[in-house]
Amino acid sequence: MAIVGQPLIEPEEGWQRIDNTHPLIFYSGTWTTTENAEHYMGTRHLSNQAAKRVDFSFTGSRIRLIVGTSSNRTQASVISVDGKEYTFSTRFTASSGILARYLAVEITDLDFAKHRVFIYDTSTSYLDIDAIDIDDTGYFFEGAPQLLTPDEGWVRYDATDYTARRGAWTLLNATAVRPFTGGSVHYTAANKNYLVFKFVGSKFRLIAEFNSTYDSNVEIRIDGDSVENFSINYGKSYQSYSLAYEKRGLDFTEHTVMIIKTSGAHMLIDSIDLEEAGTMLPMPTQVIGDVLKTPQEGWQRLDSSHPYLFYDGIGWSTNSNASYYNGSRRVSANNNLTDALRFVFKGTSLRLLTTYYLTYSNSLQITIDGKTEVFSQSFNTAYTVIAYEKLDLADTEHVVEVKRVINGTTNPDFTIEAIDINDGGYIKSIQGSQLVNPDEGWRRYDDTDPALTYVGTWLTSSVTIDTKYGGTFRYATAIASTVSFTFYGTKLRIISYREASATTTDALIMVDGQEYHYSNVGNVTGFINVFELVGLSLGEHTVTLRTNIAGKQVNIDAIDIDEMGYMVSSVSYPQTGGSLKSTVAEMKVGDFIRCGYRATGANTAGTFYRLGSEDIETELPILPSNVPYGFFYFVKVDEGILVADRPIQYGVTWLTLNAAKLVHGTLLKANDNPEMVSNTNPYGKASASSVYSATYDAYFAFNGKDEAYGWITASGVKAAWLEYEFHKPTLIQKYSLRAPANYPTIMPRNWTFEAWDGTSWVVLDTDSYTGWHTLEEREFVFPNMTKYKRYRINILTNDGHANYTGINELRLYKDPVRATVRLFNGGRCFVDADGYPTNANTGNGIYPTDNEWDKHLGKGEFVNPSTSNGEDVWRFSSVDAEWAQDSVQPGFTSLGTGFDASGNGRTVRGMGGYKDSYWSIAGTYLSPSKIGYRPIVEYYHD
């Protein structure tokens, strides 16, 4: 007895064998005929084309398929008998050698009648057709039977009425010898022209005129499933109403069918037969293959450059051309089959907009929520074409992957111009996508954040600033080089710079001892979410990161965690007996308030930020840095006076501090909006109603620098608005405006300050000012107890400039306090018993005796000589001494031992914290002793 998967050298009794070369067997696709003595009659037909098909008809009650087998033969081919499909394999050996005459298919329960058979396979494995066995009383008959009328239970529809045709098609009217359904038919002569129709049902038939010059390899795609082929040739001479194709066993639902011409002189479809319960659907105005330059009503478009589209693989690049949507597209280089586009979106409808070109890939696949469909970009040249659409998804989040299965013959051969989704839907960031700013519900920490501990050799990047958060990223190539941190929260993202060759394919990250791996490799792009971990228990989590391949770079640009989470670091509150407050107004003597301070280099005056921050932040170390970055505490020591709880910086000269106006006093600019280096970097978003050019973009009013102009409008625009959007709702009760170095008349004269409540702009302050001077800065306070994300200044008139309106700097503050920051006055020399200055320490203190150092630190509320010198509050011992604002008393000499008559000597105090300690030193002094900088704030409220 014959067994499937075993040899069947000759037909059994009661069977006859038909060789693969029989003239009534029709092969579609690319096949080769080879001679081999082991095969039946010494021949076989062989194909590894993705769209290969065999077509024949016979009379009988049973059929067997005889094949050649090897280790590279097909495993999921399909045979359709009268529309009923069976899946079979032709791989019955692990050997690469060819074995002939194996039984692959046996069907023995047919009625003794005429049967139509199709065999097809969509893989690139080899299908080896050797012979076909049927009943010994059966016979092959000429395929392509005519169906002058639909069979019982079927209904015929004119293809002219229900198909959308793309490309050039010609109308041909029926004649007496060439009848057509409905009296006419459309045909096309150009390869890659196609038609599309939609229907509801579980089966259909295609009826066509057959002719010896027509397409013998018509391509058909059903619902994006695998490609099949059929013929309308069969050597006939204008045979009308011929059954060209039949499909059964579909789900009874809506289906989309695409039929494409690939060969021969012409291709045409006369009519479509459906089951009686089925129905043809009217064609929409836009179908697959149509050019769609703008999204239809009810749709929204995402450009190919959208940061949440993850182009995975090293073959991706960007092309620019005015023909592409928004002038650019993403392309994947030929032969990079691992390249893929991945994204997640919420919605019910999806379209891929691509470029068509004849030699692009004919076999791409899209997988949505695990279900895979295929589509093609190999058509006549067109731009911004609907290459794929899905219209009936559940209104939920969907995971999408798009990649090529078979390469085209040109480079590139896989393109993406845009993606359309339904209005109301959205695209979501995923691991691998670009995150220029943290998502809603997340907060970002820069690679320079003091909570990060770097061990080993880490370098700072030199690539352009626009590709890195905060202007820098760190990288290391040694396995021994690690970066570690601890955070409180439930989720984590690592933001990195991605590169194609220098970066590692194996970055090792340990989270609470659990090992994870990810890759830093990809097309050169910044702000990439290379690693994401969510669903952690709420609490502290310890993270360590390094490369796992010596010599290959791992880098870290930023870290995103929960918006309400924080980086864990040691907290060192000043031991005043008071408590932490978030506004100056609520402070009593002994209370303290957070403030940030950051310097970008040694001997550089830093900037203050976010006075009263309620976020748990990384503190400046008690032993200060010469490049500090972090938070400290201002302690209230008296009404109107705040003092830093520690020296916040060393290695900065008195003259450097004086040049920044930090010695004798300047506005405390501890604003809550960050110093922006682009409209979206480091976080939040700057925007304006009008911009003169990129050199004067909105973010120049938020970059913390004095510019010639800052932000300015286009010429002739004098009424305008300037906005900053925080990454989360933030309370603002004060703002300041600073005039530019040139043309202060561009500044506002009349304006409103507003916040967006989600529906409309709420006016928080209406104000005016005229007579702006160069670099003048003014503060404006208003009552507000509501946190908003978006704030703007809406300028009605400027201060007189004829052409432009602009602002050098706009700063936003949570705390409405008006404050200046400066150094202590610490005295100018010693004092004698009579209260006069002297160059000798007489034990009577420092001259003048009412200096602020002695009042607040040498003595003061928190210094009890019998129990404490104030170290647990003021941290004197962290430096050798601290700068005061004073120069030495004229006439005192001996620089280096106490006093200096040259005018260069500056007072330093706090040596060991003793109130009688006094020294002076040159204002240019940097080292070796550590001279600290401790700021004092004077404040008042309106």
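1. In this note, Ala, Val, Leu, Ile, Met, Phe, Trp, Tyr, Cys and Pro count as nonpolar, Asp, Glu, Lys and Arg as charged, and the others, Gly among them, as polar. The model is a predicted one, in which local features need pLDDT of at least 70 and side-chain atom pairs count only at pLDDT 80 or more, while totals for chains, interfaces and linings use all residues. Residues are numbered from 1 along each chain as its sequence is written, and side-chain values use heavy atoms, with hydrogens and water left out.

2. Grid points are joined across faces, edges and corners, and a volume is the space filled by probe spheres set on the points. By this rule there are 2 cavities of 30 Å³ or more.

3. The largest cavity has a volume of about 80 Å³, and its lining includes Leu611, Leu668, Asp672, Lys734, Glu779, Tyr813 and Arg818. By class, that lining divides into 6 nonpolar, no polar and 6 charged residues.

4. The second largest cavity holds about 50 Å³ of space, and it is lined by Ala159, Thr160, Thr163, Arg165, Trp169, Val185, His186, Leu195 and Ile269. Two or more of these lining residues come from each of helix 1 (159–162) and strand 16 (184–188), where helices (H or I, at least four residues) and strands (E, at least two) are DSSP runs, numbered from the N terminus. The classes here are 5 nonpolar, 3 polar and 1 charged.

5. Turning to open space, the second largest pocket contains about 880 Å³, and of the 40 residues that line it, the closest to its centre are Ile222, Asp223, Gly224, Asp225 and Glu373. Among the elements that give two or more residues to this lining are strand 10 (113–121), strand 19 (218–222) and strand 33 (371–375), but strand 22 gives the most, with 6 residues. The lining of this pocket divides into 16 nonpolar, 8 polar and 16 charged residues.

6. For charged pairs, a salt bridge is a side-chain nitrogen of Lys or Arg within 4 Å of a carboxyl oxygen of Asp or Glu, and by this rule the count comes to 58 salt bridges. In one of them, arginine 53 pairs with glutamate 228, with the closest N and O atoms 3.2 Å apart. Because arginine 53 lies in strand 5 (residues 52–60) and glutamate 228 in strand 20 (residues 228–230), the pair ties together parts that are 175 residues apart in sequence. Arginine 53 counts as buried at 0% relative accessibility, and glutamate 228 is buried as well, with a relative accessible area of 6%; buried means under 20% relative accessible area, exposed over 50%, and partly exposed in between (1.4 Å probe, protein chains only).

7. Aspartate 645 forms a salt bridge with arginine 646, the closest N and O atoms being 2.8 Å apart, and both aspartate 645 and arginine 646 are buried.

8. A further salt bridge joins arginine 738 to aspartate 706, with 2.6 Å between the closest N and O atoms. Since arginine 738 is in strand 62 (residues 734–738) and aspartate 706 is in the loop between strand 59 (685–688) and strand 60 (711–712), this pair ties together parts that are 32 residues apart in sequence. Arginine 738 is buried, with a relative accessible area of 11%, whereas aspartate 706 counts as partly exposed at 42% relative accessibility. Salt bridges that share partners join Lys669, Asp706, Arg738, Glu777, Glu809 and Arg811 into one network.

9. Alanine 701 is found in the loop between strand 59 and strand 60, and at 0% relative accessibility alanine 701 counts as buried. Not counting residues up to four places away in sequence, alanine 701 touches Trp711, Leu722, Ile807, Asn808, Glu809 and Leu810, where contact means heavy atoms within 4.5 Å.

10. Finally, 4 of the 5 residues of strand 45 (residues 507–511) are buried, so strand 45 is largely enclosed by the rest of the structure. Strand 45 runs antiparallel to strand 46 (residues 514–518), to which 5 bridges join it, and two strands pair if DSSP finds at least two bridges between them. Valine 511 stands opposite glutamine 514 in strand 46. On strand 48 (residues 539–547), also antiparallel and joined to strand 45 by 5 bridges, leucine 545 stands opposite isoleucine 509.

Technical notes:
On a 1 Å grid over the protein atoms alone, a cavity is a set of points where a 1.4 Å probe fits but cannot get out, and a pocket is an open set with protein on both sides within 12 Å along at least five of seven lines; lining residues have an atom within 4 Å of a point.
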